Amino acid sequence: MLHHAAADAPIDVAPQDLRNITPASPLCVDLDGTLTPSDTLVEGVLALLGSRHLFWALHGLLKGGRALLKQRVAEVSLMDATLLPYNTNLLTYLQEQKRRGRRLVLVTAADASVARSVAEHHAGLFDEVLASDGSLNLKGEAKAQALVERFGAKQFVYIGNDATDVAIWRVAQAGILVNASRRTAAAARLATKVEAEFRREAPIPMALLRAMRPHQWAKNVLVIVPVFTAHAATDLSNWISALITFVAFCATASGIYLFNDLTDLAADRRHPRKRMRPFASGAVPLTAGFLAGAALLCTGLLLAALAGALLVLLLYAVLSLAYSMKLKELPLVDVFVLAALYTVRIVAGGEATGHTISLWLICFSSFLFLSLALVKRVEELQSAAGQGKSSISRRGYTPEDAPILRGFGCASSFAASLVLALFVQSEALQQQHYASPALLWAVVPLVLFWQCRLWLSAARGYMHDDPIIYAARDWVSWVVALCVFIVLMAAKSVSWFGS
């Protein structure tokens with residue numbers, strides 16, 4: 001949102017109403033954090049994670065400082081300027097100034113190759129580009145000096161966002177602020193006349209919370225499964241341990257989601273829905289994502305240690321990070337890892353509550369979650385085919401693989417139901433915990449029906465989320481869950497078939 005500086009407080013005005021800046025003064029525009037809310041250097045480094053070029057690029061920092069680092073990162077990361085998020089309100093203002101004959105200069109600490117690609121993307125908007133060149137890091141005092149040498153002191157207007165830009169505003173005729181913090185804005189007003197201010201439309205904390213995907217926490221309810229399978233639902237200590245483990249997994253999973261989104265920026269921006277994710281859209285600074293992700297991971301590990309499930313959570317974290325970095329690109333490996341991540345949650349619940357997980361439960365959950373992982377991948381492939389894409393970014397599949405993956409998934413669903421049937425038979429013979437164990441047979445067709453419904457929904461294109469999240473929002477799934485609960489309660493307390 002654009003604001004015009006008044007005597008007491010900013011008031012909302014339209015870009016075309018800002019006419020008090022001298023047209024002859026060049027308008028010098030910063031890139032990182034200003035024209036784009038993102039940071040091109042951080043994006044370049046993220047694109048190199050897992051690449052052999054990363055160490056060569058980082059060596060440039062030791063050899064020639066940040067300028068050489070930026071140059072090397074730009075050389076090997078091949079950033080696509082068309083995918084960067086841009087400040088649309090600022091662009092509208094710049095285009096209006098350009099139509100009035102204003103000279104626009106893109107002046108940035110980013111490497112010259114990145115700056116040129118951005119200027120080419122916005123063809124005809126910028127008359128000149130000033131940027132870092134591998135030896136000079138054009139930031140702060142260095143940028144101020146370059147602009148004074150180019151235009152003269154107090155002969156240009158500078159648009160920036162960062163505390164390091166205060167040095168530039170001191171020698172500028174006027175300043176325009178973009179997404180600046182309160183402290184930076186106050187310092188800018190002391191340094192120069194602030195003509196306008198573009199403020200962030202959505203608060204960063206709310207956008208960061210959305211990036212943490214709290215709706216995905218429903219998956220972590222799996223940690224309480226051992227409490228029920230051990231018939232220990234009346235033990236309060238079990239619930240306390242399970243709750244701590246649940247929070248530990250929520251914190252860890254959210255931290256990993258943040259890191260996953262940070263490493264998937266380009267792929268997310270090409271996706272019709274994922275391009276609106278907070279990091280991909282620029283709603284949250286990338287550095288804030290790093291700090292929040294690290295804090296969440298540390299919190300999760302501390303809580304897991306308190307619950308006695310630290311080793312299992314570490315396994316989950318390592319598998320999740322490996323999946324985000326590389327394993328998601330390997331066909332079949334990706335879905336087996338996803339299935340393992342679901343099962344690990346159950347194992348963690350068993351460790352925290354002290355209840356040993358039976359082989360029946362491990363076998364059933366492995367087949368079930370493999371089926372769910374395959375549902376997710378088939379849905380993605382069908383969506384890609386519908387958009388005419390020949391592949392999915394960072395996935396080892398093509399749309400032609402959908403039929404065989406669908407076969408694998410349906411087979412896994414029926415295998416899970418078969419294991420469940422064999423378990424019910426075992427319970428019926430033992431008759432340890434149920435008054436009428438034969439009633440448990442009703443659970444088998446209910447679970448199979450639920451899985452078949454998921455596959456049918458995916459085939460019809462109804463499923464656009466993780467299958468667990470889809471099921472949490474699906475009223476039929478809730479009806480099935482209620483029926484399963486009723487069957488279990490009846491089998492436990494009603495002696496219909498004798499004792």
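Me: Which residues make the nonpolar surface patch?

Reply: The patch is made by F228, L236, W239 and I240, and its area is about 410 Å². Before going on, please note that this is a predicted model, in which local features need pLDDT of at least 70 and side-chain atom pairs count only at pLDDT 80 or more, while totals for chains, interfaces and linings use all residues. Residues are numbered from 1 along each chain as its sequence is written, and side-chain values use heavy atoms, with hydrogens and water left out.

Me: What counts as a patch?

Reply: Patches are made of residues with over 30% relative accessible area and no salt bridge, where like charges are joined within 9 Å and nonpolar side chains (Val, Leu, Ile, Met, Phe, Trp, Tyr) within 5 Å. The accessible areas come from the Shrake-Rupley method with a 1.4 Å probe, and for residues only the protein chains shown count as cover. A salt bridge, in turn, is a side-chain nitrogen of Lys or Arg within 4 Å of a carboxyl oxygen of Asp or Glu.

Me: Which helix gives the most to the nonpolar patch?

Reply: Helix α10, which covers residues 236–263, gives the most, with 3 residues. Helices (H or I, at least four residues) and strands (E, at least two) are DSSP runs, numbered from the N terminus. I240 is found in helix α10.

Me: Why does I240 count as partly exposed?

Reply: I240 counts as partly exposed because its relative accessibility is 44%. Buried means under 20% relative accessible area, exposed means over 50%, and partly exposed lies in between, with a 1.4 Å probe and protein chains only.

Me: OK, salt bridges next. How many does the structure hold?

Reply: The structure holds 18 salt bridges. In one of them, the side chains of R277 and D261 meet at 3.2 Å, N to O.

Me: Which residues are linked with R277 in a network of salt bridges?

Reply: The network links R213, D261, D268 and R277. Within this group, R277 also meets D268 in a salt bridge, at 3.4 Å from N to O.

Me: Are D261 and D268 buried or exposed?

Reply: D261 counts as buried because its relative accessibility is 2%, and D268 counts as buried because its value is 3%. For another salt bridge, take E329 and K326, whose side chains meet at 3.3 Å, N to O. Here E329 is partly exposed, with a relative accessible area of 25%, and K326 counts as partly exposed at 47%.

Me: Now the rings. How many aromatic pairs are there?

Reply: There are 8 aromatic pairs in the structure. One of them is formed by Y93 and F198, which is tilted, with 5.8 Å from centre to centre and 55° between the planes. Rings of Phe, Tyr and Trp (its six-membered ring) pair if their centres lie within 6.5 Å, and planes under 30 degrees apart count as stacked, over 60 as edge-to-face and the rest as tilted.

Me: Where in the chain do Y93 and F198 lie?

Reply: Y93 is in helix α3 (residues 88–99) and F198 is in strand β8 (residues 194–198), so that the pair, 105 residues apart, links distant parts of the chain. Y93 counts as buried, at 0% relative accessibility, and F198 is buried as well, with a relative accessible area of 1%.

Me: Let's switch to the largest pocket. What is its volume?

Reply: The largest pocket has a volume of about 2,100 Å³. Of the 49 residues that line this pocket, the closest to its centre are V225, F228, T229, V484 and L488.

Me: Which element gives the largest share of that lining?

Reply: The largest share comes from α20, with 10 residues. On a 1 Å grid over the protein atoms alone, a pocket is an open set of points with protein on both sides within 12 Å along at least five of seven lines, whereas a cavity is a set of points where a 1.4 Å probe fits but cannot get out, and lining residues have an atom within 4 Å of a point. Grid points are joined across faces, edges and corners, and a volume is the space filled by probe spheres set on the points.
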